[in-house]
Amino acid sequence: MLGLLLGIIAKFADGTILGVIGNQLGFWVFISTLIITKSRTSVSAAFHTIVFFMSMLISYYIYSMILFGFFPRYYFFIWMGAAFISPIWGWIVWYSRRGGWLGAVCASLPISLLIMEGYSIYYTFSIASGFSIFAAIMLFILVPQRN
């Protein structure tokens, strides 16, 4: 349901500040990491991740097709390919819940990706980059660690 809702909101918000943030990889990394870390098992994390991304993409492109009569097949299939890879991301990042070096390495993947995407805020002052840095800090605080 979250994926369906965010897909519609993402299309509706195109051209606004929310659209700028939503068009960045950082937003989707942040949301998917929260979904992954709340999953009970690594398999359910992988399943929840693909269901989230597939539902988000389907609602985004159906909304675009119904309202604007526009369906960019090329982009749809590229993003669907990325969605089919997302279970691997879900399975790996789920292990951030563990303590020790394995948990730290798995938690560092989404956090460092967000920092890398948001690093440009230091010279561009972009709101989307600022969101990525904020999301990295939030994941650093929120991703559960077990010792």
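Among contacts in the protein between residues at least 6 apart in sequence, what percentage join residues at least 24 apart?

**View 1. Contacts across the sequence of the predicted model.** Of the contacts (heavy atoms within 4.5 Å) between residues at least 6 apart in sequence, 68% join residues at least 24 apart. This is a predicted model, in which local features need pLDDT of at least 70 and side-chain atom pairs count only at pLDDT 80 or more, whereas totals for chains, interfaces and linings use all residues. Residues are numbered from 1 along each chain as its sequence is written, and side-chain values use heavy atoms, with hydrogens and water left out.

**View 2. Helices of the protein.** The secondary structure comprises 8 helices and 0 strands, where helices (H or I, at least four residues) and strands (E, at least two) are DSSP runs numbered from the N terminus. The C-alpha atoms fill a box of roughly 50 × 40 × 20 Å along the principal axes.

**View 3. A nonpolar surface patch.** Ile58, Ile62, Met65, Ile66, Leu67, Phe68, Phe70 and Phe71 together form a nonpolar patch on the surface, with about 780 Å² of accessible area. Accessible areas come from the Shrake-Rupley method with a 1.4 Å probe, and for residues only the protein chains shown count as cover.

**View 4. Phe71 in its loop.** Phe71 is found in the loop between α4 (42-68) and α5 (73-94). Because its relative accessibility is 32%, Phe71 counts as partly exposed, a class between buried (under 20% relative accessible area) and exposed (over 50%), with a 1.4 Å probe and protein chains only.

How values were computed:
Patch = residues over 30% accessible without salt bridge, like charges linked within 9 Å, V, L, I, M, F, W, Y side chains within 5 Å. Salt bridge = Lys/Arg side-chain N within 4 Å of Asp/Glu carboxyl O.
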